[in-house]
Amino acid sequence: MFLRRLFSSFVEPQPSDLIGYIQQTPQVLNQSFNSSTAGLESLAWLHNVAPCFPLRNDQIQVIQEPTHFYDTLVERISIAKNRIFLASLYLGTGQLESNFVQILRKSLQQQSTLKVNVLLDFTRGTRGEINSKTMLMPLVKDFGEQMQLSLYHTPNLRGMTKRWIPPRWNELLGLQHMKIYLFDDAVLISGANLSNDYFTNRQDRYILIEDKALADFYAEFISRVQEFSLAVRKDSEVGLHHKWKILPYEGTKEEFTEKAKQRIMDLMQDAYKNQQKALSNCVKADTWIFPLIEMGQIGIHHDSVVTKRLLSNCVAGSRLKLATGYFNLTQEYMDTLTHKCLAKCSILMAHPNANGFQGARGPAGSIPTAYSLIAKSFYESLVRGQQNHRVNFFEYEKPGWTYHAKGLWYYLPCCSLPNLTLIGSSNFGERSVNRDLETQICLITTSQDLSERLQAENERLFSLSSTAERQITTRPVPTWVQAVVRIFRNFF
């Protein structure tokens, strides 16, 4: 049973729950948060549900452009001395990606102590004859222990399903969807993959954080996911990590998921135990970062529980701006926004012309229409609940660009700048909660400078959008798409 079903409240956590593990909060954490952040007391509960990393605002860089994202990756790879961790859905196969691999090669050649760990999804990363795996194989062959390539294989793809479901379609069952890019003591959290569109004209979000403690946490986190992923050998074959004994597609699914879940839960528990010292030693902190994870396919629901509580705890007079590249909010999120959220909400999503599936061959070409249908259904439920005055819809459209940005910004009453943001890989949809591996951070700040930079990021995205209530309610949807959405909504 999923963890989120195991705990229905935060008051009486079950002993085996992830949040139950980290809810034994030293009182000093709440006292530190409250005394340092006047006006944010309503968010102090976050100390009870996730590890906390205190920082200064000058340790955080908000990146806005895809080209700047690519340049930052290249620059950081070039100067890394000890470690590089790259967790993404896939690596593309174009010229920019080839250049990316060559820069990795140069850094490995120049720094004999440098370790590179790459975590990608197995199904997406091995699609086609030329793929992510073939792009990185020369580094695996040439650099021995310096280079570790891992391909996460969902335990849901096994038996006859694994044998007969063809490429692309097998990706529906679950993916490694996290986007974490780590260079020595810096972590870049994003929703962007490592491919040409995301480097040029596919809009996403990106935040670079300079902090050794956070980098250590994510390095260990990625390493543990690599343990129960498939390791790529020099002969191009894949096999078990040297610390792991169970293939994700053989034996019992329950044994694999139980052991994988335990590895992640133990890490979160350890990180939570270590935070009291970090908080007491960082008296100048004006920003707090809480890592959130979601791994529905191995039974961990952490991010979704925290996100739902954030939505339901929005106080009267506050504002909430939510963005997703693919509008398919879970029923729980939609019910929470409709019945329990007191904030005025603005929802930003891709216009069909800015959806990455627009123009795709076959049924995939109708996916943008399916997302419009889901948005229409939600809007109509808001009308029935007499809450449509509080929730507005916007669609991003920029000629020649696609849209993939996700996250939220929260404004306390009487605040013109955001006090909190979520950023990472989650689209807040059925896939994010139940099928894929996801991570995002919850960032809270009292720094006006950082809040202004987050506001500039938000304004830039919304400035390229237009109100969409009329469009989503009048846009034609083929009957067959309506049927597909009803049956397969939790797959996209």
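Buried denotes a relative accessible area under 20%, exposed over 50%, and partly exposed in between, with a 1.4 Å probe and protein chains only. The legends below concern a predicted model, in which local features need pLDDT of at least 70 and side-chain atom pairs count only at pLDDT 80 or more, while totals for chains, interfaces and linings use all residues. Residues are numbered from 1 along each chain as its sequence is written, and side-chain values use heavy atoms, with hydrogens and water left out.

View 1. Strands (DSSP E runs of at least two residues) and helices (H or I runs of at least four) are numbered from the N terminus. In strand S7, 5 of the 5 residues are buried, so the strand is largely enclosed by the rest of the structure. Ala186, Leu188 and Ser190 point one way from S7, and Val187 and Ile189 point the other way. In a regular strand the side chains alternate between the two faces of the sheet.

**View 2. The partners of strand S7.** Two strands are taken to pair if DSSP finds at least two bridges between them. S7 (residues 186-190) pairs with S6 in the antiparallel sense over 4 bridges, and Leu182 stands opposite Val187. The hairpin formed by S6 and S7 has 2 residues between the strands, and Asp184 in the turn has a positive phi of about 55°. With strand S9 (residues 206-210), S7 pairs antiparallel over 5 bridges; there Ala186 has Glu210 as its bridge partner.

**View 3. Strand S6 and its link to S3.** Both faces of S6 (residues 180-183) are covered: Ile180 and Leu182 lie on one side, Tyr181 and Phe183 on the other, and all are buried. Strand S3 (residues 83-87) runs antiparallel to S6 and is joined to it by 4 bridges. Within this pairing, Tyr181 is the bridge partner of Leu86.

**View 4. The open sheet of 9 strands.** The strand order is S2-S9-S7-S6-S3-S4-S5-S10-S11, and the pairing is mixed. Strands S2 (60-63) and S11 (238-240) form the edges, each pairing on one side only. Neighbouring strands are turned by 20° against each other on average, direction ignored. Between S5 (residues 147-152) and S10 (residues 230-232), which run antiparallel, there are 2 bridges; Ser150 has Ala231 as its bridge partner.

**View 5. Packing of helices H4 and H5.** Axes are lines fitted to C-alpha atoms, for helices over the stretch in contact, and angles run from 0 to 180 degrees between N-to-C directions. H4 (residues 66-79) and H5 (residues 95-110) pack at an angle of about 20°, with their axes 9 Å apart. The two helices are therefore roughly parallel to each other, a term for angles under 35 degrees. Contact (heavy atoms within 4.5 Å) involves residues including Tyr70, Leu73 and Ile77 of H4 and Leu96, Phe100 and Ile103 of H5.

**View 6. Packing of helices H5 and H7.** The axes of H5 and H7 (residues 132-143) come within 9 Å and cross at roughly 10°. That makes H5 roughly parallel to H7. Among the residues that meet here are Val101, Leu104 and Leu108 in H5 and Met135, Leu139 and Phe143 in H7.

**View 7. The protein as context for the close-ups.** The secondary structure comes to 19 helices and 21 strands. Of the 492 residues, 60% count as buried. Among contacts between residues at least 6 apart in sequence, 79% join residues at least 24 apart.

How values were computed
Parallel < 35°, antiparallel > 145°, perpendicular 65-115°, else oblique.
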